[in-house]
Amino acid sequence: MNTVQQTQRPSSAELDAADPLAAQRDAFYTPDGGQLAAYLDGNSLGRPLKATAQNLATFVEDAWGSRLIRGWDEQWMDEPTTVGDRIGEVTLGAAAGQVTIGDSTSVMLYKLIRAAVDSQPGRDEIVVDRDNFPTDRFIIEGIAAEKGATIRWVASNPASGVRTTDLEGLLGERTAVVVLSHVAYRSGFLADAQAITAMVKDAGALMLWDLCHSVGSVPLELDAWGVDLAVGCTYKYLNGGPGSPAFAYVNASRQDTLQQPIWGWMGADNPFGMTDSYTPAQGIRRFITGTPPVLAMQPLKDMVELIAAVGMEAVREKSVKLTEHAVALAEEMLVPLGADIVSPRNTAERGSHITVDHPLFGDVTRKLWEQGVIPDFRPPHGLRIGLSPLSTGYEELELGITAIRDVLAELL
Ligand SMILES: *Cc1c(COP(=O)(O)O)cnc(C)c1O
């Protein structure tokens, strides 16, 4: 019966031929000379668009080189929020005025979580899962130490992620804020953001979603779900380039009551008033601290426009097909060699990557990188296969998994 199922499954070539987004792959820069056989790590660092090479050169010459300091008045001061609004509209389901580009993800997490705790005297507990990304946990440890707050750790299944049932008994009148990743960085589990947000709000607490692995790969409806706070990366599925700045979403209903802890002139009411003391700006700008990273926020604009052109629904549809194909190929080629698929099998509970475990995958990854086959490795045993929907093809994926199998078989 298995054989019947396998022959009925379309081949990688057939999937590529039927892919309505196949043409978008040409929009990405590809190095000459086969240095990039299969890129399976767009969830860590997205590939650059060809347009970005051109647009960055134009920015240096026209915007920076020619307008110089005048650029701040003409455009750059507003860019954190104009780019933020566009990210909000295209990818987050967020109305204007609630998203800004800020600092790194880590610093934005600090600012919003601190603000959330500070705004609710008497609520001194922060809820986070043990499997969350290290920086999220570390930032919370630091805030708990600073504020004398208590961390309530969620123990969820590491091969999936946090469900509403895992939160039962942890939320109450002392809960200040709950911090979870919408797509788990290790397993790829896609949390039920709507149900969890509703549950957290019922407890009177604030909900913060880390969207690093979902923005640009999974459709989001932050306004409709009633989310209070969110932070996300732009160098993963938004292809903003190494170290491109994070964005923050603060629901309009929360902006006036939240005061972020790093008071800088760019988040002040009148930045060029050179006033004696700090008064926060109205609205989303108060979550900014210093001079916005204007140069570093240029490349992500190109990707957001490409996503706008095809639509998030089409992106998600391809992402689902890619991860289904990855699971099928891994079952066929890697599981027989002793590997375990440690990601959800139900596509509705999966983001855009899968993780496969094997004790030798650290060594395997090093050898693969030399061949231009690039997944990533997360200790202790996890090989992560990231499938950035607009830049990844099905044959590219099969080539990658075949190479993983071959290198693993050699080492066994
Ligand atoms: C990638 C990622 C980060 C990265 O934080 P930086 O401050 O940008 O280094 C944080 N959280 C999650 C869940 C991530 O996936």
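**Salt bridges and the open sheet**

User: Arg384: buried or exposed?

Analyst: Arg384 counts as buried, because its relative accessibility is 2% and the cut-off for buried is under 20%. Please note that this is a predicted model.

User: Which residue does Arg384 form a salt bridge with?

Analyst: The partner of Arg384 is Asp376, and their closest N and O atoms lie 2.7 Å apart. Asp376 is buried as well, with a relative accessible area of 4%.

User: What about Arg174, which residue is its partner?

Analyst: Arg174 forms a salt bridge with Glu125, with 3.8 Å between the closest N and O atoms. This pair links distant parts of the chain, 49 residues apart: Arg174 is in the loop between helix H8 (164–167) and strand S5 (175–181), while Glu125 is in strand S3. Arg174 counts as partly exposed at 41% relative accessibility, whereas Glu125 counts as buried at 8%.

User: Moving on to the sheet. What is the strand order?

Analyst: Seven strands form an open sheet with mixed pairing, in the order S2-S8-S7-S6-S5-S3-S4. Strand S2 (99–101) and strand S4 (150–154) are the edge strands, each pairing on one side only. From one strand to the next, the twist averages 20°.

User: S3 and S4: parallel or antiparallel?

Analyst: S3 and S4 run parallel and are joined by five bridges. Glu125, the residue that forms a salt bridge with Arg174, has Thr150 in S4 as its bridge partner.

User: Which strands does helix H5 touch?

Analyst: Helix H5 (residues 79–92) packs on the sheet and touches S2 and strand S8 (247–250). The direction of H5 makes about 125° with that of S2.

User: Last topic: where is Gln120?

Analyst: Gln120 is located in the loop between helix H6 (105–118) and strand S3 (125–129). Gln120 counts as buried, because its relative accessibility is 13%.

User: Which residues is Gln120 in contact with, beyond its neighbours in sequence?

Analyst: With neighbours within four places in sequence left aside, Gln120 contacts Ala176, Gly204, Ala205 and Leu206.

Methods. Residues are numbered from 1 along each chain as its sequence is written. This is a predicted model: local features need pLDDT of at least 70, side-chain atom pairs count only at pLDDT 80 or more; totals for chains, interfaces and linings use all residues. Side-chain values use heavy atoms; hydrogens and water are left out. Helices (H or I, at least four residues) and strands (E, at least two) are DSSP runs, numbered from the N terminus. Buried means under 20% relative accessible area, exposed over 50%, partly exposed in between (1.4 Å probe, protein chains only). Contact means heavy atoms within 4.5 Å. Two strands pair if DSSP finds at least two bridges between them. Axes are lines fitted to C-alpha atoms, for helices over the stretch in contact, and angles run from 0 to 180 degrees between N-to-C directions. A salt bridge is a side-chain nitrogen of Lys or Arg within 4 Å of a carboxyl oxygen of Asp or Glu.
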